[in-house]
Structures are given as structure tokens and as C-alpha cells.
Amino acid sequence: MARIGGDEFAVLITQCSRDVLVKYCQDIKKNIKDFNQQNQDLPPLSLSIGYAIRENRHKTMSQLFTEADNNMYREKLHRNLSSRSSIVSALMKALEARDFITEGHGERIEVLIKKVGKKMGLTPSNIYGLRLLHNFMI
């Protein structure tokens with residue numbers, strides 16, 4: 001583990017599968033969420049995580065770093081869009097109350113994105129990207 005910038009850190013893990021790495025990331029996020037819930041008198045902590053896995057020897061460390069960095073910024077963008085999305089969701093709920101045709105449309109699209117992505121064999125990161133695209137288009 002090393003600090004690589006003002007508030008950025010890199011962690012190198014050897015011989016780690018994608019599933020284990022995703023689990024590590026989920027555990028870190030859960031711990032931060034738990035901490036924020038237990039310490040509501042403090043400003044909330046936030047963290048964006050980007051990772052990359054060297055699945056073949058042709059990928060350089062520089063390429064891995066760029067991929068992880070891009071994934072981290074994608075997550076930051078998604079978190080920022082989530083705030084925007086919650087406002088849009090509130091507006092959509094208000095519209096749904098008036099128009100039964102749009103009722104649940106956004107949620108159905110999210111479910112379809114996940115199902116299609118899984119059927120296509122996309123990685124969780126790529127499915128996340130599709131969801132991000134959908135939220136951006138709202």
C-alpha cells in the first residue's frame with residue numbers, strides 16, 4: 001500500500017481473483033458505511049475505489065494503473081450522478097402519481113440492464129457502466 005497523490009492510495013495484491021478483489025472492495029465500502037452510521041456527529045467519509053486485474057502478462061503496470069484510475073473516476077462520477085438521480089427519482093415519482101404509463105419505468109430499465117448485462121457475460125464493472133450511462137441519460 002502506498003500513497004500516490006494528495007488523497008489517493010494504491011494497493012497491490014498478488015494472486016487475487018476478480019471475485020476476491022470485488023469482495024475486498026465491498027467490505028471496505030461496507031465498513032465506511034457502518035462507520036458513518038455509527039458516527040453521525042462527524043462529517044461522513046466517502047471513498048471511491050477503482051481496481052484493475054492483470055489477467056495476462058501483456059498488460060503493463062502503467063496500463064493497469066490507468067484502468068484502475070479510470071474505474072475510480074467512473075465510480076466518482078456515478079456517486080455524483082446519484083445525487084442528481086435522487087432528485088430525478090423524486091420528480092419521476094411525482095410524475096408517476098399523475099401518469100400511470102411512466103410508473104416504475106426507471107426501475108424496470110435498471111432491472112433489464114442488469115439482466116441483459118449478466119446474460120451477455122459482462123463484468124460487474126461493465127454493468128455498472130451501463131447503469132451509469134442510463135442514469136446520465138435521465
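Helices here are DSSP runs of H or I, at least four residues long, numbered from the N terminus. The model is predicted. Asn-36 lies in helix 1, which spans residues 18-38. Asn-71 sits in helix 2, residues 61-98. Helix 3 covers residues 105-119.

- Asn-36 has a relative accessible area of 17%. That is under the 20% cut-off, so Asn-36 counts as buried.
- A polar atom of the Asn-36 side chain lies 2.8 Å from the backbone nitrogen of Leu-45.
- Neighbours within four places in sequence set aside, Asn-36 is in contact with Pro-44 and Leu-45.

**Helix 3: length and faces**
- Helix 3 has 15 residues. From first C-alpha to last it reaches 21 Å, close to the 21 Å expected at 1.5 Å a residue.
- Which residues of helix 3 are buried? They are Gly-106, Glu-110, Ile-113 and Gly-117.
- These residues cover an arc of only 60 degrees around the axis, so they fall on the same side of helix 3.
- Lys-115, Lys-118 and Lys-119 are exposed, on the face turned away from the buried side of helix 3.

Notes
Residues numbered from 1 in each chain as written. Predicted model: local features only at pLDDT ≥ 70, side-chain atom pairs only at ≥ 80, totals over all residues. Heavy atoms only, no water. Helix = DSSP H or I, 4+ residues; strand = E, 2+ residues; numbered from the N terminus. Buried < 20%, exposed > 50% of the residue type's maximum accessible area, 1.4 Å probe, protein only. Polar contact = N/O pair within 3.5 Å; in protein donor to acceptor, adjacent residues only side chain to side chain. Contact = heavy atoms within 4.5 Å. Expected span 1.5 Å × (residues − 1). Arc of directions from axis to C-beta.
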